[in-house]
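Please open the structure in your viewer and keep the selection tool at hand. The tour below goes from one selection to the next.

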Amino acid sequence: TFSLTLEADDHMAAEILEQPEAATRLLEEVGGRIATGALWNDLGLPRFDRMRVVACGTSLNAGEVIGSALSRLGGLAHSSVVASEAAGSVVEPGTLTVMMSQSGETADVLRALDESPEGFPVLALVNNVHSTLGRKVDAVLSCSAGPEIGVAATKTFVCQILVGTGLVISSLVASGRMDTAQARRLVNDLYLVPEQLAEAAAAARALLPPLVDEVRGAKGFLFLGRGAGVAYAAEGALKLKEITYRWAEAYPAGELKHGPLALVEQGTPVVVVDDGDPRLAGNIAEVRARGGRIITIGRAGSSIEVPLSLAAPCGPLAAVVPLQMLALGLAVELGFDADKPRNLAKSVTVD
Ligand code: G6P
């Protein structure tokens, strides 16, 4: 069985375990400027009525979390566009385009920027403000995660979500759509995140090894969630694919009955991000009835419990830690080098 220690010699393990620290650092940097509206105002961008996120891979999953926070907290529309498919997508008046890319060098994102219609503001959310993307846009915000070496993004994902959610809250305050008292309550929720990430890592470390053993022979996995949990399910499936070379599909749990349930057979691992949505119980029962192996991550009573505040502006963020560790644990167990997955690159600078 695998173990994850702070002395782990792979970068990915160290970067997963460093997430609470990275989140704390980021909050020290931006936390005080969220509820005042300053984080948004300092960017010098015009007021917007809708958000369009353009990104690839893990950054796209982070963008989905941020966009749904904007809709949930501010009632504003959002869309997420895969950067390689962004050309020709219609941009409505009043749209803020947020290009998310930890490297700021991804060719698909840079091309989407070049092909963006004129006259619409673009904000980049990057881990390196001096990157090509950071230098070419109207405004740039750093996710300040520090260097990330593992090809599979981990701490940059968490930091993108934190600063992006802060940005959403800050812009809603600045545009008079949210009062400062509510913003302060939400910021207090963000300050809980580092501790929640640490607790989630501790729970996963204690409880994952036997689960990893159990699913090591599985050929394919399903990842399910609802609401804000959907993007985290997608990220869990992406991590698993990237470093374990197992097939993994993520779905909104309600879609199970419209197709993926046909994949479930005796022992099929089905990982559920359980944020407490009562409708998940029915989905879980459907999987169990077909012999699927349910692994729940989230609320009390889950296979791996993680602290969640139900009204948290970024949804069940702490659930991503066990999802990352499940992928890493399985990769280690199968003898793969998680830091250098086959066929993949940290930053893809070709189309
Ligand atoms: C590559 C990496 C992924 C990453 C994606 C987007 O495919 O392997 O981990 O999510 O690029 O990278 P970016 O730097 O734009 O966030």
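Begin by selecting α7, which lies across β3, β4 (122–126) and β5 and runs at about 145° to β4; such angles run from 0 to 180 degrees between N-to-C directions, with axes being lines fitted to C-alpha atoms, for helices over the stretch in contact. This is a predicted model, in which local features need pLDDT of at least 70 and side-chain atom pairs count only at pLDDT 80 or more, while totals for chains, interfaces and linings use all residues. Residues are numbered from 1 along each chain as its sequence is written, and the helices (H or I, at least four residues) and strands (E, at least two) are DSSP runs numbered from the N terminus.

Next, show the strands: they form an open sheet of 5 in the order β2-β1-β3-β4-β5, with parallel pairing, where two strands pair if DSSP finds at least two bridges between them. At the edges stand β2 (77–82) and β5 (139–142), each with a single partner strand, so one side of each has no neighbour in the sheet. Within the sheet, select β1 (residues 50–55) and β3 (residues 95–101), which pair in the parallel sense over 5 bridges, and find V54 opposite M99 in β3.

Helix α4 (residues 57–74) packs with helix α7 (residues 155–174) at an angle of about 25°, the axes being 9 Å apart. That makes α4 roughly parallel to α7, a description for angles under 35 degrees.

Finally, select the residues where the helices meet (C-beta atoms, placed from the backbone, within 7 Å): among them are A62, V65 and I66 in α4, and I161, G164 and V168 in α7.

Note on methods. Parallel < 35°, antiparallel > 145°, perpendicular 65-115°, else oblique. Contact = placed C-beta atoms within 7 Å.
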